[in-house]
Amino acid sequence: MSKKYNFYAGPAILPHEVIKKAQEELLDFNGCGLSIMEISHRSKEFEKVNDEAEAKIRSLLKVPENYSVMFIQGGASLQFSMVPMNLLKGGKADYVNTGAWAKKAIDEAKLYGTPTIAGSSKDKNFNYVPPITLSPDATYVHVTSNETIGGIQMQSFPDTGNIPMIADMSSDIFSRRIDVSKFGLIYAGAQKNMGPAGVTLVIMRNDLIDGTADGLPTMLNYKTYREHKSLYNTPPCIAIYIVKLVMEWLESNGGLEAMEAKNNEKAKILYDAIDNLPMYSGTAEVKDRSKMNVTFRLTSEELEKKFIKEAEANGLVGLPGHRSVGGCRASIYNAMPLEGVKTLVQFMEKFQKENK
Ligand code: PMP
């Protein structure tokens, strides 16, 4: 098979070592003679996987004791609903509108209370992270740490005092160090930096779980996941197992400090190329550029189509921008090797020369 570099935004590239290990273990998990796909979620083998995935997440992110780590299905999109359903109780919450994903979260919050727009970059087509103005009576403030479509990323997080900060970190969790204690709740779909689609990680402060709304359906109440260690019903076993393998890969590759340095280096190489080659231009304001989803345009839509097609023929896959915005997007998550970014840059240089 010829070498391919995977720039898809999600589901996205996974470490080769992880896929290889999963393949090796697929028929016989840990010598039990059965596949991880066919053993009970109540078996001691699976419970160990579940516990280890949680323990590794806690250790990599330095999750404080007073937080619960939960695995929930329904994607990050279900979290857009579960957050206000559990916490809003008809009240007010601040939402920062940074683009397509934030907007979806805001729309769901309207079903359970009153979201106030605490900052918005709509005026410039969501190409920057706006300043945040907190309302003193907000139940919480919701941010999107990285907008996967717009290619913008919060480089730092505000101090929100007594107002719990809730963050959708779907597309940049585990890409850098974060101070979990600054947040009331963090959620992220697995399918970018954590594993395959099918499981969503939720890290939530216990006092917020204690205060969730009454009368919620069992499966939509955070308490259910805390009280049953995410095993109230049958979980997505194989997805959690792969998350565990990815966490092991992170540990053996230097943890989040090393990931952060590597991600900074990769992003710099790619943005330098975009800035130095006249055929390309970045779409995000320089200060807010995402280190995970690098969005750029060529000088015409026709050239963009040609670029994407020829890139694919050269083994560089997944470069079209999101269908709602067009252009190009290179997603360079943790598992993308430096070599992949360098190969893309060489291709960009060659394409420019050939299409002057
Ligand atoms: N938030 C962000 C930042 C995302 O990138 C995505 C998916 N790409 C979602 C939420 C929605 O995730 P899901 O498809 O898992 O519901």
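1. Glu54 and Arg58 join their side chains in a salt bridge of 3.0 Å, N to O. A salt bridge here is a side-chain nitrogen of Lys or Arg within 4 Å of a carboxyl oxygen of Asp or Glu. Because the two residues are four residues apart in helix H2, about one helical turn separates Glu54 and Arg58. Helices (H or I, at least four residues) and strands (E, at least two) are DSSP runs, numbered from the N terminus. Glu54 counts as buried at 17% relative accessibility, whereas Arg58, at 22%, counts as partly exposed. Buried means under 20% relative accessible area, exposed over 50%, and partly exposed in between, with a 1.4 Å probe and protein chains only.

2. The model is a predicted one, in which local features need pLDDT of at least 70 and side-chain atom pairs count only at pLDDT 80 or more, while totals for chains, interfaces and linings use all residues. Residues are numbered from 1 along each chain as its sequence is written, and side-chain values use heavy atoms, with hydrogens and water left out.

3. In helix H7, Glu248 and Lys244 are four residues apart, which means that about one helical turn separates them. Their side chains form a salt bridge of 3.2 Å, N to O. Lys244 is buried, with a relative accessible area of 9%, and Glu248 is partly exposed at 23% relative accessibility. A network of salt bridges links Lys244 and Glu248 with Lys48 and Glu52.

4. Which parts of the chain does the pair of Lys229 and Asp51 link? The side chains of these residues meet in a salt bridge of 3.2 Å, N to O. The pair links distant parts of the chain, 178 residues apart: Lys229 lies in the loop between helix H6 (222-227) and helix H7 (237-252), and Asp51 in helix H2 (residues 44-61). Lys229 is partly exposed, with a relative accessible area of 45%, and Asp51 is also partly exposed, at 35% relative accessibility. In total, the structure holds 24 salt bridges.

5. Asn334 is found in the loop between strand S14 (328-331) and helix H10 (338-354). Is this residue buried or exposed? Asn334 is buried, with a relative accessible area of 2%. Leaving aside residues up to four places away in sequence, Asn334 touches several residues, among them Phe174, Trp249, Leu250, Met259 and Asn263; contact means heavy atoms within 4.5 Å. The side chains of Asn334 and Asn263 are joined by a polar contact of 2.9 Å. A polar contact is a pair of N or O atoms within 3.5 Å; within protein, one must be able to donate a hydrogen and the other to accept it, and residues adjacent in sequence count only if both atoms are side-chain atoms.
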